[in-house]
Amino acid sequence: MSIQSSPTLLLSLTVLSGPVVLVCFILLCAFSSGLELTSVVEIRHKAIEVTLSVISGAYQTSLLSYFTHRDLFPSLMKFIQESNYPNAAFFPFTTLGLLANYNKFEFQNPYRLRLEDFVNEATIQSIIRSTGATCARLRDAYVDIQNDLPEGWSLTSTFGMLGLGTLVGAKPKQPVIDPEAAKLLFQKLPGAEAAILLATYDFAYTNKLFCHNLIILPPAAKGAEAPITSFLSLTSYLLEHAYTSSRCSLYARLNLTTLRLLLEDQILCKRICSEESKSFVRLCRQRSPYLPLVKGERVLAASILDAMIDGINHNL
């Protein structure tokens with residue numbers, strides 16, 4: 001596809017001006033045309049980043065009409081299928097989320113239709129695992145500011161209290177942040193990666209297979225978190241800190257809407273309430289009144305109810 005074949009986009013690029021934008025557009029055209037760059041995966045990844053940057057920066061302009069006519073869905077999904085490194089799905093899936101929401105109430109968005117018809121289970125599971133890993137990182141950003149798990153007794157912790165931790169290889173104790181400073185840090189969360197939650201909602205809204213896999217997908221390794229437990233854990237932290245900023249409040253509401261979609265499905269709801277769903281979910285305990293500390297596995301429904309109660313306690 002040549003630049004001349006899209007007059008509207010060419011005009012937009014002229015208005016934006018600058019060789020950087022033109023280079024970005026050339027990379028975008030190369031990627032969306034299905035250019036095979038299997039030997040230079042980094043370039044394909046950079047092309048997706050450029051696509052996401054253009055979409056994000058021009059979201060309220062007519063520039064995005066180009067993407068509704070130039071279907072990027074196959075190229076984005078192909079990248080997810082062929083990539084073998086962790087979190088490869090983050091950028092393409094976030095891009096799909098933005099495209100699926102563009103003017104979705106004004107016309108039949110082709111990306112929403114594509115999400116609805118998508119049945120490649122292996123790719124769906126890759127997306128879910130990437131989403132779960134992203135949720136865990138976003139949750140850990142809250143924990144880094146204030147660790148809300150009480151430290152149990154151990155020989156290492158005892159030596160650490162006596163200032164002799166180095167003798168037993170104890171890790172340095174995490175410094176305690178001043179409450180006012182912590183409040184300012186909490187206001188900056190969640191991080192930019194939270195944009196993937198919008199795509200998660202859209203896929204859950206349009207695709208039952210995605211919802212099914214989101215609930216049943218087990219942890220990738222022993223001792224790791226399942227994607228749904230990471231999602232619930234992040235939701236708990238968002239709910240407890242929803243008062244800190246309108247942005248956090250909106251993401252909390254978005255996750256609640258996604259959970260509602262899962263619970264409204266009778267089959268999934270039975271699974272969430274059954275013994276088969278037993279998992280450990282780390283719930284937020286950073287503000288009083290605190291939730292009871294639960295270290296064992298419980299059915300997912302119990303963790304969801306606790307998160308909802310905690311959200312009500314801290315936001316009414």
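Which helices do the buried residues of H12 pack against?

Some ground rules. This is a predicted model, so local features need pLDDT of at least 70 and side-chain atom pairs count only at pLDDT 80 or more, while totals for chains, interfaces and linings use all residues. Residues are numbered from 1 along each chain as its sequence is written, and side-chain values use heavy atoms, with hydrogens and water left out.

Back to the question. The buried residues of H12 pack against helix H8 (121-145), H11, helix H13 (227-240), H14 and H15. Helices here are DSSP runs (H or I, at least four residues), numbered from the N terminus. Helix H12 covers residues 208-216, and its buried residues are Phe210, Cys211, Asn213, Leu214 and Ile215. Buried means under 20% relative accessible area, exposed means over 50%, and partly exposed is in between, with a 1.4 Å probe and protein chains only. Packing rests on contact, which means heavy atoms within 4.5 Å. At the start of H12, a side-chain oxygen of Asn207 comes to within 2.9 Å of the backbone nitrogen of Leu209. That is a polar contact: a pair of N or O atoms within 3.5 Å, where, within protein, one must be able to donate a hydrogen and the other to accept it, and residues adjacent in sequence count only if both atoms are side-chain atoms.

Next, two of those partner helices. At what angle do H14 and H15 pack? Helix H14 (residues 246-264) and H15 pack at an angle of about 100°, and their axes are 5 Å apart. H14 is therefore roughly perpendicular to H15. On the H14 side the contact is made by Leu262, Leu263 and Glu264, and on the H15 side by Gln266, Leu268, Cys269 and Ile272. The axes are lines fitted to C-alpha atoms, for helices over the stretch in contact, and angles run from 0 to 180 degrees between N-to-C directions. Roughly perpendicular covers 65 to 115 degrees; under 35 counts as roughly parallel, over 145 as roughly antiparallel, and the rest as oblique.

Ile304 belongs to this part of the talk. Ile304 is found in helix H16 and is buried, with a relative accessible area of 8%. Not counting residues up to four places away in sequence, Ile304 touches Leu232, Leu263 and Ile272. Ile304 and Leu259 are 45 residues apart in sequence, and their C-alpha atoms are 8.8 Å apart in space.

Now charges. Side chains of opposite charge can pair when their charged atoms come close. A salt bridge is a side-chain nitrogen of Lys or Arg within 4 Å of a carboxyl oxygen of Asp or Glu. How many salt bridges does the structure hold? The structure holds eleven. One of them joins Asp71 and Arg114, with the closest N and O atoms 2.6 Å apart. This pair links distant parts of the chain, 43 residues apart: Asp71 is in the loop between helix H4 (65-69) and helix H5 (73-82), and Arg114 is in helix H7 (residues 110-117). Asp71 is partly exposed at 31% relative accessibility, and Arg114 is partly exposed at 35%.

Arg139 and Asp140 also form a salt bridge, at 2.8 Å from N to O. Arg139 is buried, with a relative accessible area of 5%, whereas Asp140 is partly exposed at 33%. Arg139, Asp140 and Glu225 are linked in a network of salt bridges.

Then there is Arg285, in the loop between helix H15 (266-273) and helix H16 (300-315). A polar atom of the Arg285 side chain lies 2.7 Å from the backbone oxygen of Leu291. Beyond neighbours within four places in sequence, the contacts of Arg285 include Asp148, Pro150, Glu240 and Tyr290.

Last, the backbone. Most residues other than glycine have a negative phi, and most peptide bonds are trans. The peptide bond from Ser288 to Pro289 is cis, with omega near 0°, and Pro289 is in the loop between H15 and H16. A cis peptide bond also joins Leu189 and Pro190. Asn103 has a positive phi of about 50° and is not a glycine.

How values were computed
Helix = DSSP H or I, 4+ residues; strand = E, 2+ residues; numbered from the N terminus.
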